[in-house]
Amino acid sequence: MAQNRSSFTGKIGFVLAAAGSAVGLGNIWRFPYLAAKYGGGIFLLVYLILAVTFGFALMCAEIAIGRKTGQSAINAFKSLDKRFAFVGVLGAVIPAIILPYYSVIGGWVTKYLFAFASGDAAASASDTYFTGFIAKPFEPIGWFLVFMGLTALVVLFGVEKGVEKVSKIMMPVLVVLTIVIAVYSVTIDGAMEGVKYYLMPDFSRFSATTVLAAMGQLFYSMSLAMGIMITYGSYMKKDVSIEKSVHQIEIFDTGIAFLAGLMIIPAVFAFSGGDEAALGKGPSLMFITLPKVFNSMPGGAFIGGAFFLLVLFAALTSSISLMETVVSIVRDKLGWGRKTACLAVFVFCIVLGIPSSLGFGVWDFISVAGLSILDMFDFVSNSVLMPIVALFTCIFIGYVIKPKAIIEELEVGAPFKAKTLFTIIIKYVAPVCIILILVSSILDVLGVAKI
Ligand code: PHE
């Protein structure tokens, strides 16, 4: 086991840091859009069921692997079984791919916060503001560097003084801002239509795709299958209950996602007069539609500023977890100090992030299967590598080291109640579901019919 391994000071520190990783752009931007698209209440229900079964089992498993071995992904798998070291390697590649492009988007968020704070809110509501901004060669890179720099600064301070401390400040602020904006949003004129649209189950829009979309979102949202929870588990003290912590992280993650829907969907409905097409797709919702919505409401510049501050906090705590994971792997593998590892990862991210940023402007001629450079990184990491790592993790635990080995670790701090559920999910349910996700997302991008 690594000597001098840093650790979270206690349960709250661990839960807030892990929740900080889980709550990110995915909760605030992607979840509301998916919920609206896939049947409102029915999507929420499917998501919730999957979270407390599937998500719960996988997150417990990853944290337990980390705490049991006291190592980050690569070494953790290797120390349990040499033949499965490759799963750790794949798991380590994922955060290294995600961090650069996630930070490019983090840079956009920083830019919008700055625009709102400096009285530029009205300008950001114009049709071409966003597309004009991301197509510029230098400005988005500048904001990307600012965001990346903030992330690196926190990671440089280490687990206790950096990651934990920042999470303890940012996460409560994030919760308060989310609640305030959600309450404001549901009370504007015309918002009730949107609340109904979001919460009422529309069974006609329920299909296998609803389940797959919910599952894909769940993975991403809980930061699973990319070594993050293994790394954070390795910093967790033995007397903390993994099961209880996972419940709390899930409440955080799902709660914020749910509230984000309440924050965004009713406001967009009120603005568009009930036209659901305004919920749009991808980046346009957060960066084009919402600034227009804020611009149209009383006190919108202020609410918009608060909104982008909360998004920035959500994105920062996630990028911090990504960087901490990569730094931790570099340190475990190469024996480097924190400073050197941080610097190396920082430089690496700049090299990989710049093309993602340029892909919306001067390099927009580069595209594969219709995807921009940033979308390509996103597709490879989230839709291909993540399911593969999750699948092998389940096979590894279910059939190689056996669920019992992990359950033992889950029982160290406190009794683990969900043993049977855990075993069934890891051995049978999860592998089948994950294969379905993988196949469907690949078919999807190839433009073949969806399952
Ligand atoms: N879980 C984060 C979200 O919901 C995304 C994330 C992905 C964070 C990968 C870290 C790593 O946005």
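On a 1 Å grid over the protein atoms alone, a cavity is a set of points where a 1.4 Å probe fits but cannot get out, and a molecule is taken to sit in a cavity if more than half of its atoms lie within 2 Å of its grid points. In the predicted model described here, the space taken by the ligand is the largest cavity. Helices α1 (11–22), α2 (25–37), α10 (208–221) and α14 (300–334) are the elements that give two or more residues to the shell around the ligand, helices being DSSP runs (H or I, at least four residues) numbered from the N terminus.

The ligand is surrounded by 15 residues (a heavy atom within 4 Å), and the closest of these are Ala22, Leu25, Gly26, Asn27 and Tyr220. By class, the shell comprises 7 nonpolar and 8 polar residues, with no charged ones; Gly counts as polar and Tyr as nonpolar in this scheme.

Among the polar contacts (pairs of N or O atoms within 3.5 Å), a ligand oxygen lies 2.6 Å from a polar backbone atom of Gly26, while a ligand nitrogen is 2.9 Å from a polar backbone atom of Ala22. An oxygen atom of the ligand is also placed 2.9 Å from an N or O atom in the side chain of Asn27. The protein covers 100% of the 310 Å² of accessible area that the ligand has on its own (Shrake-Rupley method, 1.4 Å probe).

The chain averages a pLDDT (the predictor's confidence in each residue, from 0 to 100) of 91, and 97% of the residues score at least 70. Confidence is lowest in helix α13 (residues 283–296), at a mean of 87, and highest in helix α7 (residues 139–156), at 97.

Residues are numbered from 1 along each chain as its sequence is written, and side-chain values use heavy atoms, with hydrogens and water left out. Local features need a pLDDT of at least 70 and side-chain atom pairs count only at pLDDT 80 or more, whereas totals for chains, interfaces and linings use all residues.

Note on methods
A polar contact is a pair of N or O atoms within 3.5 Å; within protein, one must be able to donate a hydrogen and the other to accept it, and residues adjacent in sequence count only if both atoms are side-chain atoms. On a 1 Å grid over the protein atoms alone, a cavity is a set of points where a 1.4 Å probe fits but cannot get out, and a pocket is an open set with protein on both sides within 12 Å along at least five of seven lines; lining residues have an atom within 4 Å of a point.
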